[in-house]
Amino acid sequence: MCIRDRLHAVAQSAAAFGFRRVIEAGCSEERRGPLRALKKASEELPEADSFRAILGEAVSGALSGRDDGLGPAIEAVEEALIETSLSTPTVLLLDDAQWTDEHTIAMLRLITERATRGGHGRLLVVVAAREMATPSPALRAFIGQVERDVGTGATRVVLAPLDALVAAKVVQSVAPVAPRVETALVQGAAGAPFLLVQPLLTWHELGALVWAEGLWDARAAEDLERAP
């Protein structure tokens with residue numbers, strides 16, 4: 001089971017406890033605009049949702065260069081999220097948090113502070129991040145804050161690497177690939193789900209793969225030896 005499947009499983013389990021609204025945000029290495037992942041996720045909410053409206057105003061202000069007011073705007077976004085959770089219990093899922101922007105981290109820190117003070121709200125926050133050699137200072141500070149202030153009130157789960165059999169299934173679930181492509185992906189990823197998929201997408205974009213006999217295969221064997 002990959003990380004995204006685990007996040008969905010958490011959301012489904014939370015539904016049994018009344019958490020009916022799910023805000024699923026996925027961060028991106030290439031796109032780290034202020035609150036961008038949350039803004040995109042909020043588009044799935046009703047237009048009348050106050051969290052969606054206030055978040056949209058905060059992002060518009062950031063993009064227009066009015067960063068001097070972004071601090072209060074982030075507080076307003078956090079406040080709206082908490083207030084709406086009182087009437088509609090909410091699960092906030094943040095995937096690939098190793099690439100999230102500092103503004104989103106700031107909002108998460110405000111939520112953590114509120115939880116530490118015993119503030120009211122019906123909000124379940126699930127943050128998934130891949131371990132990086134040099135994590136961002138903001139993310140590192142947030143993790144430290146949770147461990148220091150929330151303690152056992154927060155659950156931290158470290159996922160083991162995928163074994164070769166499961167990793168191969170992940171690869172084939174993305175696209176039908178030739179055995180040598182599957183082998184190269186599984187060996188190169190060392191059990192990390194992201195590294196099973198990203199090279200395949202990159203090879204395709206670079207034209208290193210060809211479609212033959214119902215499978216994606218390498219145009220040349222040496223293409224698989226070069227890191228994407």
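Reader: Is the crossing of H4 and H5 left-handed or right-handed?
Author: This is a predicted model, in which local features need pLDDT of at least 70 and side-chain atom pairs count only at pLDDT 80 or more, while totals for chains, interfaces and linings use all residues. Residues are numbered from 1 along each chain as its sequence is written, and side-chain values use heavy atoms, with hydrogens and water left out. A crossing is left-handed if the near helix is turned anticlockwise from the far one by less than a right angle, and right-handed if clockwise. By this rule the crossing of H4 and H5 is right-handed.

Reader: Which residues of H5 make the contact with H4?
Author: Contact means heavy atoms within 4.5 Å. On the side of H4 the contact is made by Leu 70, Ile 74, Glu 75, Val 77, Glu 78, Glu 79, Leu 81 and Ile 82. From H5 the residues are His 103, Ala 106, Met 107, Leu 110, Ile 111 and Arg 114.

Reader: Why are H4 and H5 described as oblique to each other?
Author: Angles run from 0 to 180 degrees between N-to-C directions of axes, which are lines fitted to C-alpha atoms, for helices over the stretch in contact. Angles under 35 degrees count as roughly parallel, over 145 as roughly antiparallel, 65 to 115 as roughly perpendicular and the rest as oblique. The axes of H4 (residues 70-87) and H5 come within 9 Å and cross at roughly 55 degrees. H4 and H5 are therefore oblique.

Reader: At what angle do the axes of H5 and H6 cross?
Author: Two packed helices are described by the angle between their axes and the distance between the axes. For helix H5 (residues 102-116) and helix H6 (residues 137-150), the axes come within 10 Å and the crossing angle is roughly 5 degrees. That makes H5 roughly parallel to H6, given a crossing at roughly 5 degrees.

Reader: How many charged residues does the contact of H5 with H6 have?
Author: Among the residues of H5 in this contact are Ile 105, Leu 108 and Arg 109, which meet a set in H6 that includes Leu 139, Phe 142 and Gln 145. By class, the contact of H5 with H6 has 8 nonpolar and 3 polar residues, and its charged residues number 4.

Reader: Which residues of H8 contact H7?
Author: The axes of H7 (residues 164-174) and H8 (residues 179-189) come within 10 Å and cross at roughly 125 degrees. That makes H7 oblique to H8, and H7 passes H8 in a right-handed crossing. H7 contributes Ala 164, Ala 167, Ala 168, Val 171 and Gln 172 to the contact, and H8 contributes Glu 182, Leu 185 and Val 186.

Reader: Within what arc do the buried residues of H8 fall, seen down its axis?
Author: Buried means under 20% relative accessible area, exposed over 50%, and partly exposed in between (1.4 Å probe, protein chains only). In H8, Val 181, Leu 185, Val 186 and Ala 189 are buried. They line one face of H8, because the arc within which they fall, seen down the helix axis, is 125 degrees.

Reader: Which residues are exposed on the other side of H8?
Author: Ala 190, which follows H8, has a positive phi near 55 degrees. Within H8, on the other side, the exposed residues are Pro 179, Gln 187 and Gly 188.

Reader: Which residues does Ala 178 touch, not counting those up to four places away in sequence?
Author: Ala 178 is placed in the loop between H7 and H8. With a relative accessible area of 5%, Ala 178 is buried. Apart from residues up to four places away in sequence, Ala 178 touches Leu 215, Trp 216 and Asp 217.

Reader: Is Thr 155 buried or exposed?
Author: Thr 155 is found in the loop between H6 and H7. At 71% relative accessibility, Thr 155 counts as exposed.

Reader: How many strands does the protein have?
Author: Helices (H or I, at least four residues) and strands (E, at least two) are DSSP runs, numbered from the N terminus. Of the 228 residues of the protein, 38% count as buried. The protein has 9 helices, and the number of its strands is 5.

Definitions and conventions: The arc is that of the directions from the helix axis to the C-beta atoms. Ala, Val, Leu, Ile, Met, Phe, Trp, Tyr, Cys and Pro count as nonpolar, Asp, Glu, Lys and Arg as charged, and the others, Gly among them, as polar.
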